[in-house]
Amino acid sequence: MKTLAIGVMVFLATTAVAVAHHGLAAFDRTTKVTLMGTVTDFHFVNPHSVVEFEVKDDAGQVQKWQAEMTSPKNLKGWTATSLEPGDVVTVTGYRAKSGALFLWVTELSSSNGMKLRGA
Amino acid sequence: MVVTLAAPSFVRGQTEAGIPVTDPLVLARCGTCHTVDERGNMQRISWARATPEGWQAATKRMIGENGVSVTPLEARAIVKYLSTRHGLAPEEAKPVMYAAERRIHDESDTANDSLQDACSRCHQAARALSWRRTADDWKRFAARHAERYQFTPDPEAVDFLVKVAPLHTREWDAWSARARTPEIGGRWLVTAHIPGRGNFYGEMATEATGGGDEFLTRTRLRSVDGTSVLARTGRALAYAGTAWRGRSSGSSLASSAPDDSSNATQEAMLVAPDGSRAEGRWFWGQYQELGVDVKMQRPSSDPIVLLVDPLSFKAGSNANRIRLIGDRFPAQVTAADVSAGPGVTVRRIVSSTPGEIVAEVDVARDALPGRRNIAFRSSTLERAVAIYDRVDYLKVMPDSSLAAFSGEAYLRGYQQFEAIAYQRGPDGRRHTADDVELGPVDVAWSMEVFYEVDQSQQDRVGTLSPAGFFTPAAASPGVNYDVWIIATAKNEKSPDGKPLVGKSYLVVTVPTYTFNGRRYVRDLDRWIEEGSSGR
């Protein structure tokens with residue numbers, strides 16, 4: 001039997017897909033990154049909601065980022081339409097250690113007024 | 001021997017009237033512990049009602065924990081009596097059918113946060129909501145449950161149960177007064193949807209075998225696209241004539257393919273009180289994750305429209321062929337017999353048989369988008385076909401789900417995906433209630449593992465078939481993976497000319513793990529402590 005290391009598993013009591021899922025081990029929690037970009041999609045799903053957004057880098061190239069948040073149940077006041085394609089978002093969070101364009105969101109604000117803090 | 005210890009009910013703290021127990025077997029086998037008062041009320045039992053699954057779990061617990069000695073036949077008879085006389089009215093059973101049907105379900109529509117939080121460690125809140133109890137009994141149940149499983153009961157969760165799941169309800173009073181065993185035997189018209197494989201139609205023949213509520217079943221379904229036939233035989237029981245629970249298997253030997261619909265399945269359906277319709281899910285798999293959505297209805301002496309194909313038409317399109325699949329269509333059919341509402345003109349009948357009509361229809365450029373009823377004379381199939389003028393987005397269903405690696409006694413848990421096209425509704429927003437579902441579309445399937453720059457090692461997580469069927473890797477890597485399941489439309493484009501893309505969030509999990517010395521196993525949609533599934 002495989003025994004997972006403590007710290008790999010975090011209990012997340014969510015609805016629908018209520019599963020012990022993952023912690024933040026995949027993210028570099030020593031440094032926060034802030035990005036501004038345009039939403040291309042928003043997935044208000046379990047176990048984690050995810051914002052997809054495009055950011056122009058210094059060379060003007062478009063980078064496709066994904067920002068992961070807590071579960072819908074814990075996003076009080078949010079719905080599937082809280083972020084729409086075209087909304088401009090400023091996202092702060094921990095970047096994936098792998099170098100993939102992934103963030104764990106700690107703060108988010110959108111041009112439509114939606115805000116998330118301390119996720 | 002029947003043990004009846006007369007004791008007034010109020011002595012035990014019950015302030016509401018109980019439901020007397022009259023079955024000699026229940027009185028004999030349960031009466032050794034549950035006393036009976038002068039009104040025939042049996043301690044605990046008379047102050048509770050539940051679904052067949054609820055009574056089955058309670059009976060198992062009495063046998064396993066309290067040493068009740070019953071034969072399998074007696075246990076079955078006890079569950080049958082209690083599910084019938086102490087069951088749920090159809091209106092009460094319907095909101096929690098997802099539990100019996102083994103569906104992953106967002107429970108925010110059935111339970112408040114307190115109840116979800118209280119239950120979610122071990123099971124769906126529907127397990128509690130599948131019971132009805134007096135206020136006294138809910139409090140007693142919560143105290144005992146907390147003691148047995150070592151947690152602190154949440155008074156808000158108990159208050160919620162007292163409020164929404166009382167023993168005495170208007171629905172139960174009405175149902176228990178009119179409940180009868182409906183005629184289940186005979187011919188049923190069946191439509192079914194198998195995710196990833198499309199719609200099916202056909203018939204089921206049922207033959208009563210015991211007391212009118214138990215029967216043998218023979219089902220034969222054909223896919224709408226004509227490529228496959230499902231033939232199944234089985235047995236079923238309709239508790240109180242409404243709670244259909246059965247098992248069936250394919251007439252041909254099932255292959256080793258996990259998604260082979262010849263596999264043995266369990267059936268959970270709710271039969272309408274008048275016995276005219278039934279609806280539910282037939283399911284199989286380690287986690288019951290694979291299944292068929294089934295609807296059945298009784299034939300009548302009049303024509304019936306069961307299903308149409310295709311499921312959507314574009315505004316401004318002409319000479320479309322539409323198939324009406326049904327029963328008892330007459331020999332003479334004219335275009336005037338078929339209607340699909342304003343903006344849709346039935347030009348001619350191409351062909352007709354007693355089971356199918358093919359018509360040619362034009363859809364006006366200004367036909368209003370939305371779902372339309374399709375009618376053949378007086379038979380109407382509601383919201384059968386969609387009219388649209390653009391495809392706005394794809395939704396991959398299920399939009400979040402689990403699969404599992406194998407391990408020890410656990411087989412792999414699979415997942416079937418399906419891409420559905422949508423047009424935004426009048427509010428102009430995606431993912432809102434007014435959006436128009438257009439039906440499944442052809443897509444190319446791909447995967448993307450979260451946080452990985454190099455996606456060339458996906459095989460260690462699993463594979464996705466061209467039909468959207470996810471198979472976890474044979475060897476468990478010992479960790480969970482988050483994966484995007486991505487559908488790219490082969491034909492539909494976004495307004496800027498790019499192919500439409502939809503995504504679903506899949507978590508591929510290990511089947512068991514140990515944390516702080518406790519061992520957890522995966523259930524349908526959550527981790528539970530080993531041995532807690534009967535809670």
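Q: How much area do chain B and chain A bury between them?
A: The size of an interface is often given as the accessible area lost when the parts come together. Here chain B and chain A bury about 3,500 Å² between them, 58% of it on carbon and sulfur atoms. Buried area is the accessible area (1.4 Å probe) that two parts lose on being put together, summed over both. This is a predicted model: local features need pLDDT of at least 70, side-chain atom pairs count only at pLDDT 80 or more, and totals for chains, interfaces and linings use all residues. Residues are numbered from 1 along each chain as its sequence is written, chains are lettered from A in the order in which they are written, and side-chain values use heavy atoms, without hydrogens and water.

Q: How many residues does the contact take from chain B and from chain A?
A: Contact means heavy atoms within 4.5 Å. Chain B gives 43 residues and chain A gives 39 residues.

Q: How many salt bridges are there between chain B and chain A?
A: A salt bridge puts a side-chain nitrogen of Lys or Arg within 4 Å of a carboxyl oxygen of Asp or Glu. The count is five. One of them joins Asp113(B) to Lys76(A), with the closest N and O atoms 3.1 Å apart.

Q: By class, what residues make up the side of chain B that touches chain A?
A: Ala, Val, Leu, Ile, Met, Phe, Trp, Tyr, Cys and Pro count as nonpolar, Asp, Glu, Lys and Arg as charged, and the others, Gly among them, as polar. That side has 14 nonpolar, 14 polar and 15 charged residues.
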